[in-house]
Amino acid sequence: MLRRHFLLAAAATPLAGCEAGDAASRAGAAATGEPIPLKYARYLQLERHEGFTVARLRAPVADQSGGQAEEQSAVIVMAPRDGPAPQLEGELRTATVVRTPVMRVAANNGSDEAFLGQLGASDRLVAVGGRGSYDDEVRQAVIDGRIGQIGYNWHAPPNMDVLLAARPDVFLMRLSDLAHTPVLDRARQLGLTVVPTFAEDEPTYMGRAEWIRFYGLLTGLESVADDLFSQIDARVAALKSAVVDRERVPMLWAYPSGGGRWVATVRGAEQDYMADAGGLNLLARSEDLRRYSSDELSTEQVLLVAEQAQVWIIGDIHAAPPRSTAVEAVSPAFQNGRLFSNAGRTKPEANAYDWYQTGLVRPDWVLADVVKALHPDLVTEPFRYLKPVPQGAYL
């Protein structure tokens, strides 16, 4: 299951009040601009203004208890580095200004690395979380000390000394704990340009991928990003069309977590992969943006539907090994060799798992794998993220 983390609040101030008349009109014009159309992203808005581009970023913080989710937000002004400083009015006066294209980037999250990688801009990384990059060149640069290690967002706040020494044009920042909030304030007080990233919290897999257009604007590779996203969109549409007349294949996406418990995909973007590939998720639950895409279930709950599962994504890097085959053995997926793991692009010796990196950026690759698992005749290309696993294996 794709990990989701609590996000850091970087809220913008409300639109400043103006005295009246023309002043109010100017502030309103400065705050809105001309929208750049987006198809899927819900937590990203882009606008063109005269001399700069505005990105409005937001995302809810999931409340797993079922309570009200908070919304985090930030406003980013991207202005050409070779042009004059933008004259900002109203709400935009408190926005974070980034001079673009950014040439030195720090990121404490693997998916942000992957967005840059897909744009061909990995060479702009000057600091990353650590040695867990799936990209061999980035990982080797970290080992050699050419790229700094600031710590991954799900472990701890970033190492400020390393971050300051790296001198990034922008720090793409994600946090796993709201208690780390003071780090953002300190980073800005020390002169760092910090941009919170919310792509992983998009409710749809295409919404996540569409954030590549934001990264394209940051790096000056807007046309590259737009072309790549158009290719992704077209491939996904073609895959969905190919299965539309096929009979739904009963399936499960659940791995053992130990102690008679299972982590099962029941909703969210991962459930959408199953549905869009022509699968019937036997453990599907109603959508709820306040909850994670997976639930923890008992063995008894899984057994209720296991004997119907013709395909089972049962392997995961978080699965508890070794495991008994008693549960999966009742399924046609076990009997017909249609058990899969999502660890196809994994380098265990480097603790590198591309499912959590490029997997977010390239939903066309992920969907192609799920279609191939369900309807092998429709996809001729090799598996990328999924791979068949022997009975009883967990990777």
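Buried means under 20% relative accessible area, exposed over 50% and partly exposed in between, with a 1.4 Å probe and protein chains only. You're looking at a predicted model, where local features need pLDDT of at least 70, side-chain atom pairs count only at pLDDT 80 or more, and totals for chains, interfaces and linings use all residues. Residues are numbered from 1 along each chain as its sequence is written, and side-chain values use heavy atoms, with hydrogens and water left out.

Residues 249–258, strand β11, run parallel to β15 over three bridges, with L252 opposite W312. Strand β16, residues 339–341, is also parallel to β15 and joined by three bridges; here W312 faces L339.

Next, salt bridges: a side-chain nitrogen of Lys or Arg within 4 Å of a carboxyl oxygen of Asp or Glu. The count is 20. Pick K347 and D136, whose closest N and O atoms are 2.6 Å apart. K347 sits in strand β17 and D136 in helix α3, 211 residues apart. K347 is buried at 16%, while D136 is partly exposed at 42%.

Hop to D144 and R146, bridged at 3.1 Å, N to O. R146 counts as exposed at 58% relative accessibility.

Last stop: D364 and R362, a salt bridge at 2.7 Å, N to O, with both residues buried.

Note on methods:
Pairing = 2+ DSSP bridges. Helix = DSSP H or I, 4+ residues; strand = E, 2+ residues; numbered from the N terminus.
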